[in-house]
There are 2 protein chains.
Amino acid sequence: MSQSLRAPRSDNRLPQILDEAARLFREKGYAATSMRDIAAAVDMLPGSLYYHFAAKEDLLVAVYEEGVRLITEKVHGAIARQTDPWQRLEAAAVAHLEALLKTGDYALVVIRVLPQDVPRAAARLVKLRDSYDALFAELVAALPLPPETDRQSLRLLLLGALNWSQHWYRDSGRNTPRAIARSFLRLLREAQQS
Amino acid sequence: MSQSLRAPRSDNRLPQILDEAARLFREKGYAATSMRDIAAAVDMLPGSLYYHFAAKEDLLVAVYEEGVRLITEKVHGAIARQTDPWQRLEAAAVAHLEALLKTGDYALVVIRVLPQDVPRAAARLVKLRDSYDALFAELVAALPLPPETDRQSLRLLLLGALNWSQHWYRDSGRNTPRAIARSFLRLLREAQQS
DNA sequence: TTATAAAGCAAACAGTCGTTTGTTTTTATT
DNA sequence: AATAAAAACAAACGACTGTTTGCTTTATAA
């Protein structure tokens, strides 16, 4: 098969482009961030970005993919160390929130930029999101709950609250992402297993 | 005091402008909606909008204010008919979600458009949001809860999940906004009062 | 050292953006 | 019917948008 005959340069600036794009997309949103903004942030001319990405939308998709990859990786790593179903869900919630509020830009782009903001790439973005949601669905399915409990609502309640936290969270030493996630889980857990 | 000497016309198109602006802002977001989009939606020339609003940002603020007014009004009406603290919170949650998912555009703009998207008007938008949040804080404060319960987390958990529902909710006959809100409250309530 | 591909520059393209200005039409009041 | 204000038109402004093109620099592999 045809593949590039030479390896990319060692001073590859593609990671830097992705970093700044992620930062700007999460700060200002997709539509309000121009290719010139991104180019200026990496000290490059606007046209040069098109050597790396065919279109602005493709740049977003790349950031989005990296964001989903980062969160998924972190959550997988966290739940692997637990066996008790409630402990696993708590570990996942903590990892999810830490990925969002501490890891920073990439993960938050996934939460902030809506598929409908990028019509031509919407399908790809939705697919990426869904693959992640399935992970939490499994964790909730494994919980020992009374039969009348609505597991879907439980998942939506928890994940919605976690994702929404980006809007009110302020980094303030106390009230860490970990503490917030645990507090949420405590409120949900006590009700179900007593 | 100086006020206009003549009443506005009876065929006033200002409400129509607000309606279409709300619809577009909620569909595409603030940055991706142009004044020309709005003008076309009300069958007007772009420049004519500036008779009613000095700037695009002022148009957003007007939509935002109406959105907050609508939600606040609906929630106030709902809790006035209840006396039990948990019933009052449930009524508020139902009203909040119905305002978001049924009333439609105005309320959703408040949830979707972030103050940071509109730097010059951010302060005004934040103020409007906070005035509403205080309402829920009061309702949660009135709940009869064990002393160790974190009331702030409870409020953030509930309100976050409600607001996030815009991202996954599909109008499907079943699973009404009312049913969703009740389901959420059931999950929270059982834990705290048993 | 030389060829070759990767990466970036320089400059422009056509289109869109929010907004302004001067003028005209339409309506309510007298 | 006359007048004055409300509302919209018509046309353009400069700035900014995503993107393309042809050319040059730079690092790597032979």
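Axes here are lines fitted to C-alpha atoms, for helices over the stretch in contact, and angles run from 0 to 180 degrees between N-to-C directions. Helices are DSSP runs of H or I with at least four residues, numbered from the N terminus.

Before I use these terms, some background. This is a predicted model, in which local features need pLDDT of at least 70 and side-chain atom pairs count only at pLDDT 80 or more, while totals for chains, interfaces and linings use all residues. Residues are numbered from 1 along each chain as its sequence is written, and chains are lettered from A and ligands numbered from 1 in the order in which they are written.

I start with one pair of helices. Two packed helices are described by the angle between their axes and the distance between the axes. In chain A, helix 5 (residues 85-103) packs against helix 6 (residues 105-112) at about 110°, and the axes are 6 Å apart. Helix 5 and helix 6 of chain A are therefore roughly perpendicular, a label for angles of 65 to 115 degrees. Helix 5 of chain A brings A:Ala99, A:Leu100 and A:Thr103 to the contact, and helix 6 of chain A brings A:Tyr106, A:Ala107, A:Leu108 and A:Ile111. Contact means C-beta atoms, placed from the backbone, within 7 Å. By class, these residues are six nonpolar, one polar and no charged. Nonpolar covers Ala, Val, Leu, Ile, Met, Phe, Trp, Tyr, Cys and Pro; charged covers Asp, Glu, Lys and Arg; the others, Gly among them, are polar.

Next, the two chains. How many residues does the contact take from chain A and from chain B? It takes 23 residues from chain A and 23 residues from chain B. Helix 8 of chain A gives the most to the side of chain A that touches chain B, with eight residues. That side has 12 nonpolar, eight polar and three charged residues.

Chain A superposes on chain B by a rotation of 180° with 0.0 Å of shift along its axis, at RMSD 0.0 Å. Of the contact residues of chain A, 100% recur in chain B.

Last, the DNA. DNA strand D is surrounded by 26 residues, and A:Ser10, A:Ser34, A:Gly47, A:Ala55 and B:Gly47 are the closest. Near means a C-beta atom, placed from the backbone, within 6 Å of the strand. The surface near DNA strand D has 11 nonpolar, seven polar and eight charged residues.

Terms used: Two residues are in contact if their C-beta atoms, placed from the backbone, lie within 7 Å. Helices (H or I, at least four residues) and strands (E, at least two) are DSSP runs, numbered from the N terminus. Angles under 35 degrees count as roughly parallel, over 145 as roughly antiparallel, 65 to 115 as roughly perpendicular and the rest as oblique. Copies are superposed by least squares on the C-alpha atoms of residues with pLDDT of at least 70 in both.
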